[in-house]
Amino acid sequence: MRKYVPKDNVQGKSYYTDRYWVAPRVPRMEVEAGSHFADAVKALGKLVKESYIEIGQLVVHIDPTQNVEVMRILKETCGYTQCSEQSAVDYLAQDGEFELFYQLLNITEAKRVRVHCRIKKGEAIESTTPLFKSSNFAEREMFDMFGIKVNNHPFLKRILMPDDWEGHPLLKTYPMIGDEFASWYEVDKIFGKEYRDVIGPENRDPSRIDRYDTKRFSRVGYEVPFDADISSGEKEQAIEYSETVLVDYTTSSKQLDERR
Amino acid sequence: MAQHQVNYASAAGLPIALTSVDKLVNWGRSNSLWPLTYGLACCAIEMMASGASRYDFDRMGTIFRASPRQADVMILAGTLSKKHSEFARRLYDQMTEPKWVISMGSCANTGGMFNTYATVQGVDRIIPVDIYLPGCAPRPETLQYALMMLQKKIRRESANMNNNTKNNLRLV
């Protein structure tokens, strides 16, 4: 029997990693009392499960069911009027959960807050589109890439991939070069499934050379006519060099005259 | 140099030049190749540079057209994503015969560095290609050379397009 390979994370990994490398952790600091961030945490009150400062940014962990409430307080009370980014991270293999994050910006104070929440696979999240216009596209992208449903979204539709696409490409279970549906997508769509045999599978090897292809590949020293059949072997041809290439034009003009 | 002399023996003593229909038609076709303005990615920048005054495609009779109905050549300049492949094929189908295709750059040839789920791994999977132009991105000189190679190819072909076989026989 073939050995089982776990398919939790089939995306591309680096070829070499140092086994003694320990990724440095970003230090997490307490929220200083009396600071702008302390006011924000105070305004949120019991909605905050955990809060700390990371690289000068406030990070807040909340319950996924209270995301709109938290975002409304941050926007209306604390002045975080921009949602610059919002997406998810796939931790399904590790914890069976998605981590959703909202990156908010307060322009007047030049401060940023990141709101984290975790949802289980198959759970939906409430849309924050009524608060932030940018959430519209960000949530569509999140739906497209992870398959996370967003409740009460005005137009929840794929944004990057085609509408008839199957699968959610940013999931760790989605292979980097695509699944079977992805690899035949354009053929199925344009010509139909029965044309798969005619066109053949994708060539994912960039250095592949067809030994007998005389249309696309030259064979130095073994030149053959264009599109000749060489399955039975080709004859060696002497390589001819031009004799006039090495004429020294700089020192003597005499040779030039002779050529004329 | 070609000698432009009238061969009186073949022309029955008359001061006329004789040629074949193939040569005449191909002379016209090869010297007025009108490509479709169709840039997909960064190769399009080089394609635009080729069309602009410094490299000047116009002097070769190559004038970019904004409609596939008026175009002879499709220069696929850049990465073709799977989402867009349908439309690329439709534009190709909308071009009138005879038509030729130049696949410009690594991405169009093979998918290039985009060995991913969303990129067509070579436009010859959906469109029959005449000239594969390597480079990332190819310089304007290279595109000019590709066009000259295409002209050579056209001059070699028969005026009746039904007699010409494409390299890429999988697609029509």
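A helix, as the word is used here, is a DSSP run of H or I covering at least four residues, and helices are numbered from the N terminus. With that settled, I turn to the model itself, which is predicted.

Let me begin with chain B. Helix α5 of chain B spans residues 140–156, and Met148(B) is found in this helix. Is Met148(B) buried, partly exposed or exposed? Its relative accessibility is 40%, and Met148(B) therefore counts as partly exposed, since that class lies between the limits of 20% and 50%. Met148(B) also belongs to a nonpolar surface patch of about 300 Å², which it makes together with Tyr145(B) and Met149(B).

I now move to the interface. The size of an interface is often given as the accessible area lost when the parts come together. For chain A and chain B, the area buried between them is about 2,200 Å², with 54% of it on carbon and sulfur atoms. In terms of residues, 31 from chain A are in contact with 18 from chain B.

Next, the polar side of this interface. Ten residue pairs are in polar contact between chain A and chain B, with both residues at pLDDT 80 or more. Four salt bridges are counted between the two chains. One of the salt bridges in the model joins Glu186(A) to Lys82(B), with the closest N and O atoms 3.5 Å apart.

Which helices of chain A each supply at least two residues of the side that touches chain B? They are α5 (180–183), α6 (185–190) and α7 (196–199) of chain A. The most is given by α6(A), with five residues.

Conventions
Residues numbered from 1 in each chain as written. Chains lettered and ligands numbered in written order. Predicted model: local features only at pLDDT ≥ 70, side-chain atom pairs only at ≥ 80, totals over all residues. Heavy atoms only, no water. Patch = residues over 30% accessible without salt bridge, like charges linked within 9 Å, V, L, I, M, F, W, Y side chains within 5 Å. Areas by Shrake-Rupley, 256 points an atom, 1.4 Å probe, with all protein chains shown as cover. Salt bridge = Lys/Arg side-chain N within 4 Å of Asp/Glu carboxyl O. Buried < 20%, exposed > 50% of the residue type's maximum accessible area, 1.4 Å probe, protein only. Contact = heavy atoms within 4.5 Å. Buried area = accessible area lost by both parts, 1.4 Å probe. Polar contact = N/O pair within 3.5 Å; in protein donor to acceptor, adjacent residues only side chain to side chain.
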